[in-house]
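Here is a short briefing for a reader who is meeting this structure for the first time. Please keep the sequence and the model in view while reading the points below.

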Amino acid sequence: MPHKMKTHQGLNLLNKKSKSAVKGREVRSTNRWKRVSQSVRDKYPMCQWPDGCSEIAESVHHIVSIEDAPALAFAESNLIPLCEQHHKWCNEMERGGVSTKFKFLDWINKQENRYEDYFDEHP
Ligand SMILES: [Zn+2]
């Protein structure tokens, strides 16, 4: 058989049909997310808030939101470990329609595989 059989297990994030329907909580409930999120916090256990913060990073924030860029939901270069307080601040800003990306430009530039490169490779 020339084509691989499709399986129904898991959430295929790159599947065109489901792409627009992907929501943050769906991503965050996957084992893949748990792995990626843990791996980011293993590397950076502390909150990486650009103004400085001495709290433990309890969550991992999507710099470009999952809704805006589902393809970057698991891209480490699009993730930054934050404490609860700073993650909450970001989420509140974004709920109000304000992008918080400007806060993380230094962090983005520090990443090896920047998500801008990702878009070049996956137009
Ligand atoms: Zn913090």
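**The nonpolar core**

Nine residues make up the largest nonpolar core, namely C47, W49, A57, V60, I63, L79, I80, L82 and F104. Strand 2 (residues 79–82) is the element that gives the most to this core, with three residues. A nonpolar core here is a set of buried Ala, Val, Leu, Ile, Met, Phe, Trp, Tyr and Cys residues joined through C-beta atoms within 7 Å. A residue counts as buried if 20 or more other C-beta atoms lie within 10 Å of its own, as exposed if 12 or fewer do, and as partly exposed in between, with C-beta atoms placed from the backbone. In soluble globular proteins, nonpolar side chains tend to be buried together.

This is a predicted model, in which local features need pLDDT of at least 70 and side-chain atom pairs count only at pLDDT 80 or more, while totals for chains, interfaces and linings use all residues. Residues are numbered from 1 along each chain as its sequence is written.

**Overall layout**

- The chain holds six helices and two strands, and its elements follow the order α-α-α-β-β-α-α-α from the N terminus on; helices (H or I, at least four residues) and strands (E, at least two) are DSSP runs, numbered from the N terminus.
- Of the 123 residues of the chain, 17% count as buried.
- Among contacts between residues at least 6 apart in sequence, 63% join residues at least 24 apart, where two residues are in contact if their C-beta atoms, placed from the backbone, lie within 7 Å.

- Strand 1 (residues 59–62) and strand 2 run antiparallel and are joined by four bridges, and two strands pair if DSSP finds at least two bridges between them.
- H61 stands opposite I80 in strand 2.
- From strand 2, L79 and P81 point one way while I80 and L82 point the other way, and all are buried.
- In a regular strand the side chains alternate between the two faces of the sheet.
- Leaving aside its neighbours within four places in sequence, C47 is in contact with C53, E55, A57, P81, L82, C83 and H86.

**Helices**

- Helix 3 (residues 31–43) has 13 residues that should span 18 Å at 1.5 Å a residue, and its end C-alpha atoms are 19 Å apart, which agrees; the expected span is 1.5 Å times one less than the number of residues.
- The number of buried residues in helix 3 is zero, so this helix lies largely in the open.
- Helix 4 (residues 84–95) should span 16 Å with its twelve residues, and its end C-alpha atoms are 16 Å apart, which agrees.
- G97, whose phi is positive, near 85 degrees, follows helix 4.

**Two partly exposed residues**

- F74 has its place in the loop between strand 1 and strand 2, and F74 is partly exposed, with 18 other C-beta atoms within 10 Å.
- Beyond its neighbours within four places in sequence, F74 is in contact with R32, W33 and V36.
- I108 lies in helix 5 (residues 105–110) and is partly exposed, with 16 other C-beta atoms within 10 Å.
- I108 and I80 are 28 residues apart in sequence, and their C-alpha atoms are 8.9 Å apart in space.

**Confidence**

- The mean pLDDT of the chain is 81, and 73% of its residues reach 70 or more; pLDDT is the predictor's confidence in each residue, from 0 to 100.
- Confidence is lowest in helix 1 (residues 16–19), at a mean of 42, and highest in strand 2, at 97.
- Over residues 5–21 the pLDDT is below 50, and this stretch has nine contacts in the model beyond near neighbours in sequence.
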